[in-house]
Amino acid sequence: MPERIAPTAFLLAALAAFATHGCGKSRQDQDAQQLAARVRTEFLHAWNNYERYAWGHDALRPLSKTAHDWYGQSLLMTPVDALDTLILMHLDSEAERARSLIVSDLSFDRDIYVKNFEITIRLLGGLLSSYQLTGDKRLLSLAEDLGNRLLPAFNSPTGLPYVFVNLRTGQTRDPVTNPAETGTLLLEFGALSKFTGRPVFYEKAKCAVVETFKRRSLLGLVGESINVETGAWTNTDSHISGGIDSYYEYLWKCWLLFGDKDCREMWEASIPVVNKYLADESDAELWYGHADMQTGKQTNTTYGALDAFFPGLLALSGDLTRARRLQASSFKMWNLHGIEPETLDYKKMCVVAGRYHLRPEIVESTYYLYHYTGDPEYRHMGEKMFDDFVKYCRADSGYAALADVVTKQQLDEMQSFVLAETFKYFYLLFASPETLQFDKVIFNTEAHPLKRMW
Ligand code: DMJ
């Protein structure tokens with residue numbers, strides 16, 4: 001016979017359970033709020049030092065306290081990349097200064113060859129998302145001017161874009177590119193078409209992704225590099241790492257943002273193949289390695305900081321089981337030396353390339369997983385990563401990349417994506433969900449949110 005609990009004891013127990021649950025929950029929320037405030041303070045440390053030592057230039061070199069311009073003259077990479085983060089964090093006067101600088105000083109009429117992919121994801125993406133957040137038409141004009149100047153990049157025999165295009169003359173160079181650079185343009189060019197009513201941007205970028213997909217192997221995999229003039233693969237290594245990564249990301253996201261069914265079909269044809277040939281069940285853990293695109297034979301057991309975007313993409317596409325398992329592997333990689341390396345051999349658990357460029361991907365996935373599961377484990381993960389990030393990468397004048405995750409020696413580098421992405425994803429992980437309604441936006445690969453309005 002079950003033990004009889006006295007009514008008052010039962011009531012007290014129920015009240016205690018309610019109180020623990022209630023207080024526990026709000027304590028968690030308070031902790032998260034404090035963490036969000038800490039992230040904001042540290043972001044400001046990085047931004048203030050950019051303002052102080054590199055104002056008007058592309059990027060801050062945080063150890064020498066000097067400025068760096070990618071092409072010898074500034075395209076305001078950091079202010080454009082950081083503007084929507086400043087807005088989301090309600091750093092109003094900083095955002096205003098950045099916006100004034102951009103509208104008064106940014107000019108694309110320059111005789112320089114720029115990387116079509118980097119300029120698209122950082123500048124075109126940044127201008128478009130800040131235009132949506134502020135309604136400032138001058139940002140859209142800048143985006144359209146930039147889009148016009150990038151268009152000649154697509155003038156190849158295949159329609160795949162050249163790596164570099166001259167912003168003034170439209171001349172192009174460097175025909176050997178990769179799927180990330182040919183297939184990570186449609187969110188930005190597509191949004192530009194929607195805003196301007198000019199289909200040409202959508203069409204060119206869509207053609208580039210379709211032409212990449214069409215050249216997949218019989219197995220359905222793409223390789224690491226391709227010649228835009230001949231359409232032939234020049235490296236047949238297949239993986240989800242740098243050079244291919246965001247090609248997959250945009251197949252799914254272009255379906256979500258534009259409802260483009262071709263993109264969904266290309267995603268559906270690609271992802272089972274990626275899971276079949278690249279996923280590696282290693283000692284009950286899930287990793288993604290490398291394989292030859294023609295044979296499917298494994299070529300390498302490496303995974304790294306860039307690959308760590310994939311749990312987020314898996315979660316976004318509904319595959320939470322793989323997403324959670326792969327995120328656990330990414331976190332294991334992070335904890336091996338208390339900060340993640342650029343490349344790891346996951347079979348031997350040893351570092352292959354030891355730099356840490358302050359990359360955002362692992363934080364991005366943590367944020368996505370927290371959004372989809374609500375599991376506090378992901379905020380704890382994020383907290384551990386943020387503590388390590390501050391401990392090893394904070395410098396007197398900004399945040400510094402690491403030359404080596406084992407020695408933790410700092411490098412004189414703080415790329416614009418640190419402000420566009422890494423801090424933004426840390427912040428969104430801890431901030432209240434109202435800060436940015438996840439389901440209402442699609443982030444481009446540089447963490448610029450584009451509203452789902454089409
Ligand atoms: C960013 O510029 C983008 O996230 C890109 O897709 C990959 N590399 C960096 C960040 O690591």
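## Basis

The model is predicted, so local features need pLDDT of at least 70 and side-chain atom pairs count only at pLDDT 80 or more, while totals for chains, interfaces and linings use all residues. Residues are numbered from 1 along each chain as its sequence is written, and side-chain values use heavy atoms, with hydrogens and water left out.

## Overall form and confidence

The protein chain contains 15 helices and 20 strands (DSSP runs numbered from the N terminus: helices are H or I of at least four residues, strands E of at least two). Along the principal axes, the C-alpha atoms fill a box of roughly 85 × 55 × 45 Å.

Mean pLDDT (the predictor's confidence in each residue, from 0 to 100) is 95 for the protein chain, with 94% of residues at 70 or more. Over residues 1–21 pLDDT stays under 50, and the model has three contacts beyond four places in sequence for this stretch (contact: heavy atoms within 4.5 Å).

## Largest pocket

A pocket is an open set of points on a 1 Å grid over the protein atoms alone, where a 1.4 Å probe fits, with protein on both sides within 12 Å along at least five of seven lines; lining residues have an atom within 4 Å of a point. Volume is the space filled by probe spheres set on the points, which are joined across faces, edges and corners.

The largest pocket holds about 400 Å³. Its lining has 22 residues, with F117, E118, D245, L306 and R359 closest to the centre. Helix α4 gives the largest share of this lining, four residues. By class, the lining has ten charged, seven nonpolar and five polar residues (charged: Asp, Glu, Lys, Arg; nonpolar: Ala, Val, Leu, Ile, Met, Phe, Trp, Tyr, Cys, Pro; polar: the others, Gly among them).

## Second largest pocket

The second largest pocket has about 310 Å³ and 17 lining residues, with Q28, D29, A32, Y370 and R379 nearest its centre. Two or more lining residues come from each of α1 (7–54) and α14 (376–393); α1 provides the largest share, seven.

Strands β10 (residues 279–282) and β11 (residues 285–288) run antiparallel and are joined by four bridges (strands pair if DSSP finds at least two bridges between them). E281 stands opposite L286 in β11. Two residues lie between the strands, and D283 takes a positive phi near 50°.
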